[in-house]
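Me: I have a few questions about how the labels for this structure are decided. Here is the model.

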Amino acid sequence: MKEIKVNELTDNLFETISKEWMLVTAGTKDKFNTMTANWGGAGFLWNRPVAFIFIRPERYTFDFIEQNDYLTLSFLGEEHKEIHKICGSKSGRDMDKVKATGLSPENGSITFEQARLTFECKKLYADLIKPGNFIDKSITDRWYGESHGGFHKMYVVEIVNVLSR
């Protein structure tokens, strides 16, 4: 992968995140977990390029994010939807996702040979989504509760490097 500047990105991140999806990965090269996400975004905050992601505390990846200052957001392309389906429906507590999907981790930050684009990110801010702060109460009815899981924790992360193929 080659490093590019964030302003050289040509992706429509609305499309990339919502339709292509991404892998959120945290940990060390020896012990990490990855999960599929299609909620989040990117922009400019505090005079830095940032992304924001949302992770439920019951997810295995949550502990890895909490314990580490850095994480990656990897975009594999639509041709790798099967990898995303496994990483989004199975827990790393119960299986080796790398082995099950054929993902090939690359050295350095936790990204994968299959990734066409990776954001290397540093955590800046985190807070739990609070039910009482919703203005549109239909969101809590639709996305939270017994059948969906707990309220997400939002992370604002600085995009410190962009790697592209």
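Me: Which helix gives the most to the lining of the largest pocket?

Reply: In this predicted model, H3 gives the most, with five residues. Other elements that give two or more residues to that lining include strand E3 (32-37), strand E5 (48-55) and helix H2 (60-67). The pocket has a volume of about 570 Å³, and among the residues closest to its centre are Met35, Arg59 and Gly88.

Me: Why is the pair of Phe52 and Phe54 called edge-to-face?

Reply: The ring centres are 6.1 Å apart, and a pair needs them within 6.5 Å. The planes stand at 85 degrees, and over 60 counts as edge-to-face. The label is therefore edge-to-face.

Me: What makes Phe52 partly exposed?

Reply: Its relative accessible area is 32%. Buried means under 20% and exposed means over 50%, so Phe52 falls in between.

Me: Why is the pair of Phe134 and Tyr144 called tilted?

Reply: The angle between the planes is 55 degrees. Stacked needs under 30 and edge-to-face over 60, so tilted is the label that remains. Phe134 lies in the loop between strand E9 (117-128) and helix H5 (138-143), and Tyr144 in the loop between H5 and strand E10 (153-164), so the pair ties together parts ten residues apart in sequence.

Definitions and conventions
Residues are numbered from 1 along each chain as its sequence is written. This is a predicted model: local features need pLDDT of at least 70, side-chain atom pairs count only at pLDDT 80 or more; totals for chains, interfaces and linings use all residues. Side-chain values use heavy atoms; hydrogens and water are left out. Rings of Phe, Tyr and Trp (its six-membered ring) pair if their centres lie within 6.5 Å; planes under 30 degrees apart count as stacked, over 60 as edge-to-face and the rest as tilted. Buried means under 20% relative accessible area, exposed over 50%, partly exposed in between (1.4 Å probe, protein chains only). Helices (H or I, at least four residues) and strands (E, at least two) are DSSP runs, numbered from the N terminus. On a 1 Å grid over the protein atoms alone, a cavity is a set of points where a 1.4 Å probe fits but cannot get out, and a pocket is an open set with protein on both sides within 12 Å along at least five of seven lines; lining residues have an atom within 4 Å of a point. Grid points are joined across faces, edges and corners, and a volume is the space filled by probe spheres set on the points.
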